[in-house]
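Please read the following note beside the model. The points are numbered so that each can be taken up separately.

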Amino acid sequence: MTISVPIEGIHWQSGRELHVTVCYVGEVSAQEVERIRSSLKEIAIPSFEVSIMGVGVFGAEGSIGHLWAGLEPWGELDALHNFVRLRLADMNVSISHLRYHPHITLARFSNERSKSLGTILEKNRDRCFQSFKVTEVVLFKSIPGKFRSTYQRLSTMPLIGDA
C-alpha cells in the first residue's frame, strides 16, 4: 500500500505499527492480561477476508489527528469486535465506548491539515489497496510515544470457527 505525497507535519506509521484494533482495553495489570488471554484462547469465529478500501481522517478540519485506511466489509469485523467485547464485559474489563470503526491508522499529524492531504483523500477515497485474510487476534501492549506507539506482542489467538 503506497501513498506518496509529501505532507508537512505528518508522521507515517511503519509497517510493524500497522494493525486493526478489534477492542481497545487501556491500562490493565499483568493478572488481567492473563485473564484476557485465557478468555480469548478460543475465538469461535471463522477466518474471513477483508479489503483495505479508501482513506479518511479522524478529527475536524484544523485539528486532524489521524489518517486512516478503511476496511470492508464490516460485517465480519463487527462480529469479531462484538465477540471480544462481550468476552471482556463478562470479565468486567472496561473497553473504549467509542463507536467501532474498523480501520488501519496510516499516519498521525503534528499540525493542521495541508492542501496535499485533500489531494490524498480525493485520489484514494474509493481506492481498493489490497485484501487479506483475518485468521487470528493478537493481544498487544501499546507503549505510547509522541507521534507513534511501540507495540509488544503478548499473545496470539487463532480464529477457530468452521469456514
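Predicted model: local features only at pLDDT ≥ 70, side-chain atom pairs only at ≥ 80, totals over all residues.

1. F48 counts as buried, at 6% relative accessibility; buried here means under 20% relative accessible area, exposed over 50%, and partly exposed in between, with a 1.4 Å probe and protein chains only. The residue F48 sits in strand β2. Leaving aside residues up to four places away in sequence, F48 touches E76, L77, L80, F132, K133, V134 and L159, where contact means heavy atoms within 4.5 Å.

2. Residues are numbered from 1 along each chain as its sequence is written, and side-chain values use heavy atoms, with hydrogens and water left out.

3. The secondary structure comes to three helices and seven strands. Helices (H or I, at least four residues) and strands (E, at least two) are DSSP runs, numbered from the N terminus. Along the sequence the pattern is β-α-β-β-α-β-α-β-β-β.

4. Five strands make an open sheet in the order β1-β4-β3-β2-β5, with antiparallel pairing; two strands pair if DSSP finds at least two bridges between them. β1 (10–12) and β5 (128–134) are the edge strands, each with a single partner strand, so one side of each has no neighbour in the sheet. From one strand to the next the twist averages 30°. For this angle, axes are lines fitted to C-alpha atoms, for helices over the stretch in contact, and angles run from 0 to 180 degrees between N-to-C directions.

5. H11 stands opposite R108 in β4. Helix α2 (residues 74–90) packs on the sheet and touches β2 (48–58), β3 (66–72) and β5, its direction making about 90° with that of β2.

6. Which residues touch the most other members of the largest nonpolar core? They are I43, L67, L80 and V84, in a core of 37 residues. A nonpolar core is a set of buried Ala, Val, Leu, Ile, Met, Phe, Trp, Tyr and Cys residues joined through side-chain atoms within 4.5 Å. At least two residues of this core come from each of α1 (30–39), β2, β3, α2, β4, α3 (115–124), β5 and β6. The largest share, five residues, is supplied by α2.

7. L67 has contacts listed without residues up to four places away in sequence; among them are I10, W12, V55, V57, I104, L106, F109, L117 and L121.

8. By the ring rule there are two aromatic pairs. Rings of Phe, Tyr and Trp (its six-membered ring) pair if their centres lie within 6.5 Å; planes under 30 degrees apart count as stacked, over 60 as edge-to-face and the rest as tilted. F58 and W68 form a tilted pair, 5.6 Å centre to centre with 35° between the planes. F58 lies in strand β2 and W68 in strand β3, ten residues apart. F58 is partly exposed, at 31% relative accessible area, whereas W68 is buried, at 14%.

9. F140 and Y151 form an edge-to-face pair, 6.1 Å centre to centre with 70° between the planes. F140 belongs to strand β6 (residues 136–143) and Y151 to strand β7 (residues 150–158), so the pair ties together parts that are eleven residues apart in sequence. F140 is partly exposed, with a relative accessible area of 36%, and Y151 is partly exposed at 23%.

10. Two backbone details deserve a check. A cis peptide bond joins E72 and P73, with omega of about -5°; P73 is in the loop between β3 and α2. N92 is not a glycine, yet has a positive phi of about 60°. N92 lies in the loop between α2 and β4 and counts as exposed, at 71% relative accessibility.

11. For the chain as a whole, 37% of the 163 residues count as buried. Among contacts between residues at least 6 apart in sequence, 75% join residues at least 24 apart.
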